[in-house]
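I opened this notebook to record what I looked up, entry by entry, with the criterion beside each term.

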Amino acid sequence: MAGRFTPRPTRTTVRGGHVVVPGGGVPRQAVAPGLSRTWTPAWPLDLGLVLGPLRRGPGDPTFRATPDGAVWRVCRTPAGPGTLRVTLRAGVVRGDAWGPGAQWLLEQLPELLGAADDPDAFAPRHRLVALTRHRRPGLRLTRTGLVLESLIPSVLEQKVTADEAYRAWRLLVRKYGEPAPGPAPERMCVMPAPRTWALIPSWEWHRAGVDNKRASTILRAVRVAARLEEAAGFDPLRAQARLELVSGIGPWTSAEVVQRSHGAADSVTVGDLHLPGIVGYALAGDRDADDSVMLSLLEPYAGQRHRAARLILLSGRTPPRRTPGMPRWDIGVL
């Protein structure tokens, strides 16, 4: 019976998937943008594939795909809070931005949509990977240029289910974040500033289901937020090393961050509960593969291992469920 049903999305499979961006909707009316720019990529572009890894669950207050075909992103830039609306029409990208960070967001728009990525450096070594790449020509690796916005939700995702992590992120950002600048969709928020994270009471972490270990890691990180944001200008390996100087941040978390902040094509996630089994099953029929087996299977893709893993996740070839998923523990009611 297990093989007849699509596996329930996990933290890993959701990230490898595709955010559905509705197309052909009715354009938004009476929206006066603060700043705007257009940009024409020289390759096929799929907004859902490129920006999907930035969404932390369907209720993420910082990310929204709307019926008019737009993707909205709210973040805290070096220039301050900003809201970005991205649309793709006839191969032309339009970005509208509001808030103090509007100019910064528009300057970064091409890199956000994969302009700094080089998919031509990737050579498929397996039929499954080659076929998926052919079917997903719009895949590029995003590069946000921001570290903390990916670090904090990645820490929340340590050792818990995706649903638990997404709930914690949603509750904390909505309660302690700022309203999104401009005409953003309802309930979108800018994530809290580092000082605000540091002042969240212990009982609020508890109510959000965040244990003391993860909360303490975030508190240590926000105390050195400026030093961590400097890592956005490093190469991915050096950036990971800088992140891992903070106690509680290991290779799993640092890889999850640089995949988004740097568009790191080779930073494969190790220590994940599901990814080794998915890669092992897809490439060798081994659903019990561990990290060492996964890294061995991905060795032919050295320099592009994250891209290869992403394509494997997008292929949909995952092992059928045979045991219940990780149990959910709500520490907020204990």
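**Contacts and overall make-up**

I began with contacts, meaning heavy atoms within 4.5 Å: among those in the protein between residues at least 6 apart in sequence, 69% join residues at least 24 apart. I note that this is a predicted model, in which local features need pLDDT of at least 70 and side-chain atom pairs count only at pLDDT 80 or more, while totals for chains, interfaces and linings use all residues. Residues are numbered from 1 along each chain as its sequence is written, and side-chain values use heavy atoms, with hydrogens and water left out.

I then looked up the secondary structure and found 16 helices and 7 strands, taken as DSSP runs numbered from the N terminus (helices H or I, at least four residues; strands E, at least two). Of the 334 residues, 52% count as buried, where buried means under 20% relative accessible area, exposed over 50% and partly exposed in between (1.4 Å probe, protein chains only).

**Aromatic rings**

I searched the whole structure for aromatic pairs and found 5; rings of Phe, Tyr and Trp (its six-membered ring) pair if their centres lie within 6.5 Å, and planes under 30 degrees apart count as stacked, over 60 as edge-to-face and the rest as tilted.

**Charges over rings**

I next looked for a charge over a ring (NZ of Lys or CZ of Arg within 6 Å of the ring centre and within 35 degrees of the ring normal). The charged end of Arg140 sits over the ring of Trp43, 3.7 Å from its centre, and that of Arg238 sits over the ring of Phe234, 3.7 Å from its centre.

**A helix pair**

I looked up helix α6 (residues 148-156) and helix α13 (residues 251-261), which pack at an angle of about 145° with their axes 9 Å apart; axes are lines fitted to C-alpha atoms, for helices over the stretch in contact, and angles run from 0 to 180 degrees between N-to-C directions. Ser150, Leu151, Ser154 and Val155 in α6 meet Trp252, Thr253, Glu256, Val257 and Arg260 in α13.
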